[in-house]
Amino acid sequence: MPATQAITDSVSDSPEPIAAKPAPYSTIGRIPIVDVSPVIENGAWPAKGTEGESFPVQATVFREGHDLYGAECVLIDDAGSQVQVAPMVDVAPGLRRYEGWLTPPAPGKYEFFVRAWSDPFATWRHNAEIKIDAGIDTELVFLEAKALYERAVKKMPSRAKQRAVLKSAIAAFTNANASASERLSAALAPDVIEALTKYPVRELVSESARYKLNVDRERALVGSWYEMFPRTTGAYYDAKAGHWVSGTLKTAARGLDRIAKMGFDVVYLTPVHPIGTTNRKGKNNTLTAFPGDPGSPYAIGSPDGGHDAINPDLGTFKDFDAFVARAKKLGMEVALDIALQCSPDHPWVSEHPEWFTTRADGTIAYAENPPKKYQDIYPLNFDNDPEGIYQEIKRVLELWVKHGVTIFRVDNPHTKPLTFWQRLLAYFRVHHPEIIFLAEAFTEPPMMQTLAKIGFHQSYTYFAWRNEKQEIADYLWELSRETDKQLRPAFWPTTHDILTPFMQRGGIPAFAIRAVLAATGSPTWGIYSGYELAENIARPGAEEQIDNEKYEYKNRDYAGAEYNGISTLLTKLNEVRRKHLALRRLRNVKIHGSTNDKILCFSKTTRPEESPDGTRDMVLVVLNLDPYASRDAELSLDVSVFGAQARWDDSPVLEVYDEMSGETYLWNSHPYVRLDPHGNVAHILNVKVL
């Protein structure tokens, strides 16, 4: 297909700018409904949802006067059929902020809205209980009840058994020979309440505007990622020949069993494309590459091809297909790194020079972020030929989709126009809805958040730099209840670009602490290969590893991971995540108190509708954040989160089973804990109410 040929589809895949869709509009209802959430840009863009994950709908609902009213939230599918209705309750008395939870059953396009109504029964009951107790207007109260209940009977189906219930109640409370309290009891008998709940009388029914919701498959929210450089697995130094021999896709495939055994379900490959030789970087990002230096896989393109080719050192597409097939057999999806940039040797440079920026001296501009310079990389200029670039990148991505890639980890999307991403992601949502895009954008919040708003399914976060108790607690809350409508987080303790001071200095305990926090704090988490070995030596003056495998081959002996306990910990964490649905959900975090600023405590719980059997999964995490010393604390648990109530005598109300140690404890609302960074660094507790 010619690069400039536009494709017409339901998302208007055209070279014309995408016009902003107007926000939905609705006249004010008789029962006002305002400030609905989750809503992005006043409804112009869809909010995010995930199959099987409940999400909160909130709205401010009120009315004039003193009559009572009710509210509910409604989920409808793309065909306009009602999928689910959930009651809403006032979660901020005085502010009239109502909340209800909806649970999308499957991926697809949905809408939701809020419905409110005047509730004549609730109003009557409120007034009746006051008046009967005070002996005011007794007969009038029951005349009003008779008229209301008769209206309810008329609305019921002719065969509804509740008709007889209400008729019997009417006969009882209109009996003037009975006492007022007996008559009121008859009017409010449990079976009467049940009948009026099933067949309510509603007046002045009002609805909000309808707001769009894109619901993705569960992998968009949940995953345990393992990052690998394919050339590393199986690489070795040939002393006789005096040079390194690259690992290949075949040797990488043989390493998949070890990764799967630890319980990871996504294997993420750094770029597998040919690497340029012009301005190739040497070891530790030096400007001089010596013979045998493989170069950065992010300097994409050579005479062997570009983004649609495989580095010959790694193998062929047949080898890539075999790698994907092996991963799939082991229960893992394959994520591929997409870096939209080129080495000076990329075919695009000669075929499409207009796709790059020409400087005043006639040379092509290489990438730089002063004082950083990337002489081996040319960035694309999306303004010179946006249509040609768009069509080519779409072609490249669809090529990899045909070869089994289901996830794209996009390198530095914040350095490309958001109009490009919005259009591309909209196209994939229609034509390849199963494909997931992760934004690797460690950048300012407006850009990070907007990339998520316009369609990126997942986002890297600031997790690696959140180390103290309060900032971690604040961040967990922000991600779970403030930005959840738009951004799904991925927690990575380290990456091939990031090795924070905490990880450099904290030794093996730091790697254990951050693994526990990543695996329990976010539904998606990941590690970079070598984490099992607690690789923590930084390049001087940089927050990244020395002898970084971005620029050289590495031969790792993973047998050493058995001695430091990290691989065992990773395996246990993934096992616990599979066991507990609560750890695979985002919008369910509750921070609990502790008396030590190095002891973090939080819980994650599910709603009954999220579980096939209607039960709640409840997990409590207690973690020592100090890699240097044991810490103890008295916790302050809000046991109501678990459906329990603290007892006056401080006796236990919870039975907690520690998934890490296998021990069981009986806890009240303020238990004592002590955690050792060199042993039991955390409790991950399965909670049951006594």
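**Entry 1: the pocket**

I began with two strands, β17 (367-369) and β18 (372-374), and found that each supplies at least two residues of the lining of the largest pocket. The model I am reading is a predicted one. How much space lies in the largest pocket? I noted about 1200 Å³. I then listed its lining, which has 34 residues. Closest to the pocket centre are Asn369, Lys372, Tyr374, Asn412 and Asp497.

**Entry 2: the chain as a whole**

I stepped back to the whole chain. I counted 17 helices and 32 strands. The C-alpha atoms fill a box of roughly 110 × 60 × 45 Å along the principal axes. The chain has 690 residues, and 55% of them count as buried. I also checked how far along the sequence contacts reach. Taking contacts between residues at least 6 apart in sequence, 75% join residues at least 24 apart.

**Entry 3: helix α8**

I looked up α8, residues 317-329, and checked its span. At 1.5 Å a residue, its 13 residues should span 18 Å. The end C-alpha atoms are 18 Å apart, so the check agrees.

Next I asked which residues of α8 are buried. They are Asp319, Phe320, Phe323, Val324 and Ala327. Seen down the helix axis, these buried residues fall within an arc of 140°, so they line one face of α8. The face turned away from that side carries exposed residues: Lys318, Lys328 and Lys329.

What covers the buried residues of α8? I found both strands and helices there. The strands include β11 (223-228), β14 (266-269) and β15 (333-338). The helices include α6 (249-254), α7 (256-261) and α10 (386-402).

I looked at both ends of α8. At its start, a side-chain oxygen of Thr316 comes within 3.3 Å of the backbone nitrogen of Lys318. After the helix comes Gly331, with a positive phi near 85°.

**Entry 4: helix α1**

I ran the span check on α1, residues 120-134. This helix has 15 residues and reaches 21 Å from first C-alpha to last. That is close to the 21 Å expected at 1.5 Å a residue.

I listed the buried residues of α1 as Pro120, Phe121, Thr123, Trp124, Ala128 and Ile132. They pack against two strands, β8 (108-118) and β9 (203-207). They also pack against the helices α2 (138-155), α4 (180-187) and α5 (190-198).

Which residue reaches the backbone nitrogen of Phe121 at the start of α1? I found Asp119, with a side-chain oxygen within 3.2 Å of that nitrogen. Just after α1, Gly135 has a positive phi of about 70°.

**Entry 5: helix α12**

I moved to α12, residues 445-453. Its buried residues are Met448, Gln449, Leu451, Ala452 and Lys453. I noted that a lysine, Lys453, is on this buried list. The cover over the buried residues of α12 includes β2 (47-50), α11 (418-431) and β22 (458-460). Just past the helix, Gly455 takes a positive phi of about 140°.

**Entry 6: two threonines in loops**

I looked up Thr232 in the loop between β11 and β12 (236-238). Is Thr232 buried or exposed? Its relative accessibility is 7%, so I wrote it down as buried; the cut-off is under 20%. Setting aside neighbours within four places in sequence, Thr232 is in contact with Glu549, Lys554 and Arg556.

I then turned to Thr606, in the loop between β26 (599-605) and β27 (618-624). At 1% relative accessibility, Thr606 counts as buried. A polar atom of the Thr606 side chain lies 2.8 Å from the backbone nitrogen of Asp617. I listed the contacts of Thr606, leaving out neighbours within four places in sequence. They are Leu581, Ala582, Arg585, Asn588, Thr615, Arg616 and Asp617.

**Entry 7: Val91**

My last stop was Val91, in strand β6 (residues 89-92). I got 42% relative accessibility for Val91, so it counts as partly exposed. Not counting residues up to four places away in sequence, Val91 touches Gln58, Arg97 and Glu99.

How far is Val91 from Leu533? Their C-alpha atoms are separated by 47 Å. Along the chain, the two residues are 442 residues apart.

Key: Residues are numbered from 1 along each chain as its sequence is written. This is a predicted model: local features need pLDDT of at least 70, side-chain atom pairs count only at pLDDT 80 or more; totals for chains, interfaces and linings use all residues. Side-chain values use heavy atoms; hydrogens and water are left out. Helices (H or I, at least four residues) and strands (E, at least two) are DSSP runs, numbered from the N terminus. The expected span of a helix is 1.5 Å times one less than its number of residues. Buried means under 20% relative accessible area, exposed over 50%, partly exposed in between (1.4 Å probe, protein chains only). The arc is that of the directions from the helix axis to the C-beta atoms. Contact means heavy atoms within 4.5 Å. A polar contact is a pair of N or O atoms within 3.5 Å; within protein, one must be able to donate a hydrogen and the other to accept it, and residues adjacent in sequence count only if both atoms are side-chain atoms. On a 1 Å grid over the protein atoms alone, a cavity is a set of points where a 1.4 Å probe fits but cannot get out, and a pocket is an open set with protein on both sides within 12 Å along at least five of seven lines; lining residues have an atom within 4 Å of a point. Grid points are joined across faces, edges and corners, and a volume is the space filled by probe spheres set on the points.
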